[in-house]
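Please keep the viewer open while you read.

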Amino acid sequence: MATDNPAGESPSRGKRADAQRNRQTVLTAAAEVFVSSGVDAPIRQIAAQAGVGMATIYRHFPTRADLVTAVYRHQIEACVEAGPNLLAGADSPLDALRQWIDLFVDFLVTKHGLADALQSDNDRFAALHAYFLDRLLPVCAQLLDAAVEAGDISPGTQPYELMRGIGNLCIGHDNDPRYDPRRLIALLLQGLQRPHAS
């Protein structure tokens, strides 16, 4: 039986793969647009950035809240995936922790608007916040544990405390161009280090 599909995939699998690629493209484009133009940016701007039609966006995300939630979850997953990769590839666990915290800060300072947009939907926001903690706390714990085992940082810092402290330092970044939370976060990390760690 001959097939017109050179990859040998069934047409429905090819369509599913296309739909998944479109979804990922839309999420990436929406994240970029939300950073540059805010979460109220026109859907047509997101469609143009993604190179898809508006119908494609509405097919995957019927409401703006659905799109905002999906972008938020997508960015959380990027932070989750980065942790073990950084730990495997960095010069030291402390370097991996620093790099991951830098990604986490990027996530926080660019996603405050997303969280604000969802606050009016208390159930959705609560579920998303729980997802945020469930997914990111274990990654932070893994990085902290590795840095403690390597003798880079002192033991005793809890992942929730560190993430919460960093989150609090990021508040206000949007409203004050003179404030750079990264400087204070670097000081925080410096304070966690054992004297011999660099």
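## Helix packing and cores

In α4, residues A65, D66, T69, Y72, R73, I76, E77, C79, V80, G83, P84 and L87 meet R124, L128, Y131, F132, R135, L136, V139, Q142, L143 and A146 of α6, where contact means heavy atoms within 4.5 Å. These residues divide into 14 nonpolar, three polar and five charged. This is a predicted model, in which local features need pLDDT of at least 70, side-chain atom pairs count only at pLDDT 80 or more, and totals for chains, interfaces and linings use all residues. Numbering starts from 1 along each chain as its sequence is written, and side-chain values use heavy atoms, without hydrogens and water.

Helices are DSSP runs (H or I, at least four residues) numbered from the N terminus. Their axes are lines fitted to C-alpha atoms over the stretch in contact, with angles from 0 to 180 degrees between N-to-C directions.

| Helix pair | Axes come within | Crossing angle |
|---|---|---|
| α4 (64–89) and α6 | 9 Å | roughly 10 degrees |
| α6 (122–149) and α7 (159–170) | 9 Å | roughly 110 degrees |

The α4 and α6 helices are therefore roughly parallel (under 35 degrees), while α6 and α7 are roughly perpendicular (65 to 115 degrees). On the α7 side, P159, Y160, L162 and M163 meet α6 residues including F132, L136 and L144. That contact has eleven nonpolar, no polar and no charged residues.

Among the 35 residues of the largest nonpolar core, I76, W100, I101, F104, F132, L136 and I166 touch the most other members. Core members are buried (under 20% relative accessible area, 1.4 Å probe, protein chains only) and joined through side-chain atoms within 4.5 Å.

Definitions and conventions: Helix = DSSP H or I, 4+ residues; strand = E, 2+ residues; numbered from the N terminus. Parallel < 35°, antiparallel > 145°, perpendicular 65-115°, else oblique. Nonpolar A, V, L, I, M, F, W, Y, C, P; charged D, E, K, R; others polar. Buried < 20%, exposed > 50% of the residue type's maximum accessible area, 1.4 Å probe, protein only.
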